[in-house]
Amino acid sequence: MKHTLRAFALGLLTATSLLAFAYSQQDVNEAKATDPSKGEAKALLEEKGYVVVTENKWTKLNEASSGEETNSNTQKEQETEKEATQNTTSEPANVKAYKLSIQEGMVPEDISQALAENNIIKDAEAFRQYLTENEFSRYIQIGEYTVVDQMSFLEIAKIITR
């Protein structure tokens, strides 16, 4: 046992010594020469179809796009509400409305089941999958929402994820 342990320690010492020697022989300038400069990196990225922007421009673009999303979401919600109102006023006999109450702790399965039980949607599992796959399930808000049976999955999802 003593000889085995000594041989193992000698092997580790030899391997460490060889690695240290190889590392010390590397040329630092040679390694840095392979890194592209900022200009070369930018040219390479633009060649591949990417757009390079500064951090300030990126921040401004994000602020502008989030403002547009908020405006477009508000407009879409208003349009959806108008359509729902128009649908209920023009064809009151064919449209079925339901007041969906989402409470704390409810999961997409509960919501889709409630909608299916009240004949707003036909397939609870399909709606649950739609919410999950399109990442609406993360943004479901607590509250009461009026939905009608003629709404698409997207329209219902947008209403409950304000």
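Predicted model: local features only at pLDDT ≥ 70, side-chain atom pairs only at ≥ 80, totals over all residues.
**Entry 1: the core**

I began with the largest nonpolar core, which has 22 residues, and I looked up which of them touch the most other members: they are Ile 111, Leu 115, Ile 156 and Ile 160. I then noted the elements that give two or more residues to this core, namely strand 1 (97–102), helix 5 (108–117), helix 6 (124–133), strand 2 (143–148) and helix 7 (153–160). Taking Ile 111 and leaving aside its neighbours within four places in sequence, I found contacts with Leu 100, Ile 102, Met 106, Phe 127, Ile 140 and Ile 160.

**Entry 2: helix 5**

Which residues of helix 5 are buried? I listed Pro 108, Ile 111, Ser 112, Ala 114, Leu 115 and Ala 116, and I noted that their cover includes strand 1, helix 6, strand 2 and helix 7.

Not counting residues up to four places away in sequence, Ser 112 touches Ile 121, Ala 124, Phe 127 and Arg 128. Past the helix I marked Asn 119, which follows helix 5 and has a positive phi, near 60°.

**Entry 3: the aromatic rings**

How many aromatic pairs are there? The count comes to 3. In one of them, the rings of Phe 127 and Phe 153 have centres 5.1 Å apart and planes at 65°, so I recorded the pair as edge-to-face, because planes over 60 degrees apart count that way. Phe 127 lies in helix 6 and Phe 153 in helix 7, so this pair ties together parts that are 26 residues apart in sequence. I also compared how they are covered: Phe 127 is buried, at 0% relative accessible area, whereas Phe 153, at 26%, counts as partly exposed.

For Tyr 130 and Phe 136 I noted ring centres 5.9 Å apart and planes at 20°, so that pair is stacked. Phe 136 is buried, with a relative accessible area of 16%.

Last, I turned to a nonpolar surface patch of about 420 Å², made by Val 51, Val 53, Trp 58 and Leu 61. I placed Val 53 in the loop between helix 3 (38–47) and helix 4 (55–90), and with 35% relative accessibility Val 53 counts as partly exposed.

Technical notes: Residues numbered from 1 in each chain as written. Heavy atoms only, no water. Core = buried A, V, L, I, M, F, W, Y, C linked by side-chain atoms within 4.5 Å. Buried < 20%, exposed > 50% of the residue type's maximum accessible area, 1.4 Å probe, protein only. Helix = DSSP H or I, 4+ residues; strand = E, 2+ residues; numbered from the N terminus. Contact = heavy atoms within 4.5 Å. Patch = residues over 30% accessible without salt bridge, like charges linked within 9 Å, V, L, I, M, F, W, Y side chains within 5 Å. Areas by Shrake-Rupley, 256 points an atom, 1.4 Å probe, with all protein chains shown as cover. Salt bridge = Lys/Arg side-chain N within 4 Å of Asp/Glu carboxyl O. Phe/Tyr/Trp six-rings, centres within 6.5 Å; stacked < 30°, edge-to-face > 60°.
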